[in-house]
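Hi,

Here is the structure I promised to pass on.

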Amino acid sequence: MYSQGLIGADSETEESEEFLAAFQARIDREEKIEPNDPMPQGYRKTLVRQIGQHAHSEIVGMLPEGNWITRAPTLRRKIALLAKVQDEGGHGLYLYCAAETLGVSREQMTEELLSGKAKYSSIFNYPTPSWADIGAIGWLVDGAAIMNQVPLCRCSFGPYARAMVRVCKEESFHQRQGYELMMTLTEGTDAQREMAQDALNRWWWPSLMMFGPHDSESSNSDQSMLWKIKRFSNDELRQKFVDATVPQAERIGLTVPDPDLKWNPEKNDGEGGYDFGAIDWDEFWRVVKGGGPMNRDRIAARTKAWEDGAWVREAALAHAEKRKQRMQAAKVAAE
Amino acid sequence: MTNNQSYGGADHIEALLALADDHLILGHRLSEWCGHAPMLEEDLSLPNMALDLLGQARNLFAHVANLENCGKSEDDLAYLRSDREYKNCLMVERPNGDFAHTMLRQLYFAAFMQPYWQAMEDSTDDTLRALAGKAEKEMSYHIRHAGEWVVRLGDGTEESAHRMVNAVVALHPYTDELFEISAPLQNCIEHGLLPDPTPIRAPWQAMIEDIFSQAYLTIPDVPFPQEGGRHGRHTEDFGHLLSELQYMQRAYPGMAW
């Protein structure tokens with residue numbers, strides 16, 4: 001669902017200046033780079049890391065929302081939520097396939113997720129104690145993901161850019177679905193409005209953190225921008241998100257939990273935008289480093305699914321091998 | 001007021017609810033897998049099958065709500081009955097167990113529902129006839145998916161074969177109930193509203209035997225079949241399922257979601 005604010009990328013590369021200049025010229029001509037094209041090691045590594053983190057985020061992201069599938073309040077909501085979580089799994093699948101074109105297997109990426117070597121979006125390390133969290137995630141988390149992913153449709157790496165086109169269409173649907181869920185709550189009883197406000201209070205700041213550290217702190221952004229993997233900086237995207245989302249909250253009578261939030265007509269080159277309060281970066285880093293409320297639970301759930309399913313995957317391989325041998329034996333017998 | 005003998009009568013409603021409950025409860029069980037499946041492809045296909053079943057359940061509940069015409073919605077029917085009022089067969093409420101259990105349960109159910117929906121294409125109930133075509137296609141896909149897994153697991157590794165045998169032993173006793181004809185169903189059969197499951201039994205058995213033969217499985221003798229769901233007598237697990245399913249509707253009664 002999200003990969004802005006890549007943590008720990010290493011874009012160092014060792015090719016000749018001539019090679020790098022030729023590559024950069026292709027990028028500058030807006031040519032798509034395809035899997036078999038020559039590319040700098042750093043470009044490949046950055047993409048593997050970014051697409052991997054993105055894929056893992058989709059897969060881990062199934063868990064917080066999956067928490068409510070069996071308790072969704074109506075058949076319509078149950079079906080919508082199940083379909084939404086299934087979409088996230090589908091995004092994970094496209095993304096793992098896109099990463100595989102760069103020479104890294106899904107199994108390898110999964111092992112790295114479970115061992116903690118690979119990261120995923122920290123937003124999914126927050127819990128979903130209430131039904132309104134399903135609305136808040138769709139509205140805010142998918143909303144933030146769209147801000148990030150729409151520019152990724154123009155990413156220089158072809159398979160990633162193409163995967164993003166469909167992903168964005170689905171995320172945009174999820175965002176509207178989440179907002180509609182929140183709107184229904186705010187049009188309901190006091191208990192429902194409280195539930196909605198409480199969810200906004202808990203998800204607002206973590207959603208802003210999804211865009212990653214400030215540009216001044218984001219060491220690997222410049223190279224990614226130059227290679228057109230990334231098109232906008234973390235702070236630019238965060239500002240766009242705030243500007244788009246604050247009026248949506250107001251429209252349904254919810255209060256953004258930021259006392260410093262204020263319209264500033266000078267912002268965005270005079271078009272106006274919101275000034276907003278300071279993000280708690282200590283919290284951001286604590287969650288990135290594993291200290292969020294759900295880090296352990298999320299990895300434990302993924303590890304359990306992976307380990308419990310090992311015998312199924314082994315059986316599928318064993319059966320395929322048996323079939324192959326039988327077909328070969330039948331062919332030999334026929335000859 | 002209601003006429004037990006015909007369209008829209010108490011028996012018609014009761015028999016449709018049993019059918020709707022089968023789909024709701026099995027869809028709910030399958031949905032529990034979402035995000036926890038053995039591989040990503042199954043994280044997509046298990047919810048897919050759950051969505052088919054929940055979609056069918058929703059159509060059936062809406063049909064019942066329409067027939068009852070007493071201001072109840074599909075959600076009132078799906079979420080606000082007591083355990084004794086749910087008439088699903090026991091097999092669909094059995095816990096998921098391992099992947100072998102889940103796939104076998106799906107095969108047993110779909111191998112029954114596919115021909116049953118097909119037979120509904122001749123129902124005198126227009127709504128059922130309209131629903132049958134799509135549902136039957138969906139069930140064919142479930143048979144293929146679950147059947148292929150039963151073969152893979154039965155003829156996979158020693159462990160998978162062992163687990164598959166355990167699943168058969170655990171679940172086969174619940175298959176008789178698929179063919180049970182309750183009094184309301186009997187009435188519906190006589191009026192052409194719902195099909196008689198009896199003629200489906202032999203082809204069902206043949207299909208299971210065919211898949212089992214490829215999976216090195218045998219159909220066990222079942223001296224004591226398990227039943228009771230059609231009369232609202234459920235297993236111990238069912239109350240826990242309902243406590244999750246009904247949580248929001250019970251905790252926040254009368255609200256719109």
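To start with chain B: what percentage of its 257 residues count as buried? The figure is 58%, where buried means under 20% relative accessible area with a 1.4 Å probe and protein chains only.

Before the rest, some housekeeping. This is a predicted model, in which local features need pLDDT of at least 70 and side-chain atom pairs count only at pLDDT 80 or more, while totals for chains, interfaces and linings use all residues. Residues are numbered from 1 along each chain as its sequence is written, chains are lettered from A and ligands numbered from 1 in the order in which they are written, and side-chain values use heavy atoms, with hydrogens and water left out.

Back to chain B. It has 11 helices and zero strands (DSSP runs numbered from the N terminus, with helices being H or I of at least four residues and strands E of at least two). Its radius of gyration is 18 Å, close to the 18 Å from the globule rule for 257 residues, so chain B is as compact as a globular protein of that length. The radius is taken over C-alpha atoms, and the rule is 2.2 Å times the number of residues to the power 0.38. The C-alpha trace spans about 60 × 40 × 35 Å along its principal axes. Of the contacts in chain B (heavy atoms within 4.5 Å) with a separation of 6 or more, 77% come from residues 24 or more positions apart.

Now chain A. You'll find 13 helices and two strands there. For contacts in chain A with a separation of 6 or more, residues 24 or more positions apart account for 79%.

The helix I'd look at is H13 of chain A, residues 310-334. Its 25 residues reach 36 Å from first C-alpha to last, close to the 36 Å expected (1.5 Å times one less than its number of residues). Its buried residues are Trp311(A), Val312(A), Arg313(A), Ala315(A), Ala316(A) and His319(A). What covers them includes H12 (295-308) of chain A, along with H5 (99-120), H6 (126-154) and H7 (158-171) of chain B.

Cheers

Definitions and conventions. Buried means under 20% relative accessible area, exposed over 50%, partly exposed in between (1.4 Å probe, protein chains only).
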